[in-house]
Amino acid sequence: MRAVIMDAPGQITVGERQDPRIIEPTDAVIRLTATCICGSDLWPYRGVEPANHTPMGHEYVGVVEEVGAEVTTVKPGDFVVGSFVISCGRCEICRSGYPSRCVHAVFVAGNIGTQSEKARIPHADGTLVAAPGQPDADLVPSLLAASDVLGTGWFAADAAEAGPGKTVAVVGDGAVGLMGVLAAKQLGAERIIAMSRHADRQALAREYGATDIVTERGDEGAARIKELTDGLGAHSVIEAVGTEESFLQAIRSTRPGGHIGFVGVAHEGVTLPMDEVFFAQVHLHGGPAPVRRYLPELIQLIWDRKINPGTVFDLTLPLDQAAEGYLAMHERRATKVMLTL
Ligand SMILES: [Zn+2]
Ligand SMILES: [Zn+2]
C-alpha cells in the first residue's frame, strides 16, 4: 500500500509499506477514506522531534475491511472514526474517561501511521466508533476533524468548563484553537474571545462563534483579556499552543478560581514559574485529549449537521502530494491539510 514516510526531518516521501493484516483478535483493518496532516506532524518535520523513516499520520476515517474474532462493535463495511490514541476501552483508566492514557495506549503517530491507504487498528472496540451509516461526501471532512482537532478542542473547552454565563478566551488560532471556539459555542459559552492576528483565522473563529478578537499576544494579550472582563480575567481559558509564552498568557488571562484547559503539546524546555502558578489559583486540566470519550457525541452532532468543523481544512490534496501539504503547513500557507485517497 502507499503511505507517507518521513525519512528524516523535512523529508516526506509517499512510498510503499506492507499491507496491514489482522494480528490480534481485537484488531480491525480499515481502508482510509481520508486523512490529514496535523500541526503536531510539524514537530518532527522541523527537527524538534526525531524522524527516521517514520510512518506518519494519526487522524483517520475509513471503512472497516476486516475484524478480528473478538471485535464486536464494528464490522466490515462500517464507516468508522478513530482516536489518535489506541485505547482498550476496558481498563480502569479508559472506564474513568481517560482513554488517551489507557494502560494499553499506543500513539497512532509514528507507530501505526494513517497517512496511508490502509491501517491496522488494535483494540478496535475501544478505539473506533461507527458512524450511523455511510456519510455523504460533504460530511467526511467534519468526521475526519472529530478524529483529533475537534475532539481535542472539545476536551479543552470541557476541561476549561466553558458553558452558559462563561467568558472563554482561546490562546492559539491553529486548527485546535479554532475547534475550541466551536466547542465553547456548542457548550453554551456567553462570550468567546479568540486571540489571533491572522485575518483569515479571525474570520473562521467568528464563523465558529467567537464574539471578540484580541490581536495582542503575551502580557499585552492577557491585559486585553482583563480589560474585557472588568479586570478579572476570563472564567475559562483554552491553551492550544504549548509554549511557555502561550501557557503564561493563559494563566495571566484567567481569573482566580477559573479553569484552564491545556492541549498544546509542551516540549522539552517549557517551564513555568511555580510561584506565579501557585498564586494564580486556577484549575489546570489538560494533556492528550481523550477523544474517544467524545466521539459518539461529536459524530452525532456532525451527522445531524449541527456543527460543521470540516471547514477547518483549507487545503485538500491527494495522498501522493503529501510533501506539498507538509510544506504548505510549515510555511503557514495552510491551517490544516486534508489528504484524500
Ligand atoms: Zn493531530
Ligand atoms: Zn484502556
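Analyst: Let us start with helix H9, whose buried residues are covered by elements that include strand S11 (167-171), helix H8 (218-228), strand S14 (234-239), strand S15 (254-262) and helix H10 (274-280). Contact here means that two C-beta atoms, placed from the backbone, lie within 7 Å, while helices (H or I, at least four residues) and strands (E, at least two) are DSSP runs numbered from the N terminus. This is a predicted model, in which local features need pLDDT of at least 70 and side-chain atom pairs count only at pLDDT 80 or more, whereas totals for chains, interfaces and linings use all residues. Residues are numbered from 1 along each chain as its sequence is written, and chains are lettered from A and ligands numbered from 1 in the order in which they are written.

User: How many of the residues of H9 are buried, and which ones?

Analyst: Seven of the ten residues in helix H9 (residues 244-253) are buried, namely Ser246, Phe247, Leu248, Gln249, Ala250, Ile251 and Ser253. A residue is called buried if 20 or more other C-beta atoms lie within 10 Å of its own, exposed if 12 or fewer, and partly exposed in between, with C-beta atoms placed from the backbone.

User: And what about the largest nonpolar core, which residues have the most contacts inside it?

Analyst: That core has 110 residues, and those with the most contacts inside it are Ala28, Val168, Val170, Met179, Val181 and Ile193. A nonpolar core is a set of buried Ala, Val, Leu, Ile, Met, Phe, Trp, Tyr and Cys residues joined through C-beta atoms within 7 Å. Helix H6 (residues 175-186) gives the largest share, eight residues.

User: Where does this core lie?

Analyst: It lies between domain 1 (2-148 + 290-340) and domain 2 (152-286), because both give residues to it; the domain bounds come from an automatic or database domain assignment.

User: What does Ile193 touch?

Analyst: Leaving aside residues up to four places away in sequence, Ile193 touches Thr167, Val168, Ala169, Val170, Ala210, Asp212, Val214, Ile225, Leu228 and Ala234.

User: Switching to strands, in what order do S2, S1 and S4 sit?

Analyst: The three form an open antiparallel sheet in the order S2-S1-S4, where two strands pair if DSSP finds at least two bridges between them. Strand S2 (11-16) and strand S4 (54-55) are the edge strands, each pairing on one side only. Six bridges join strand S1 (residues 2-8) to S2, and Ile5 stands opposite Thr13 in S2.
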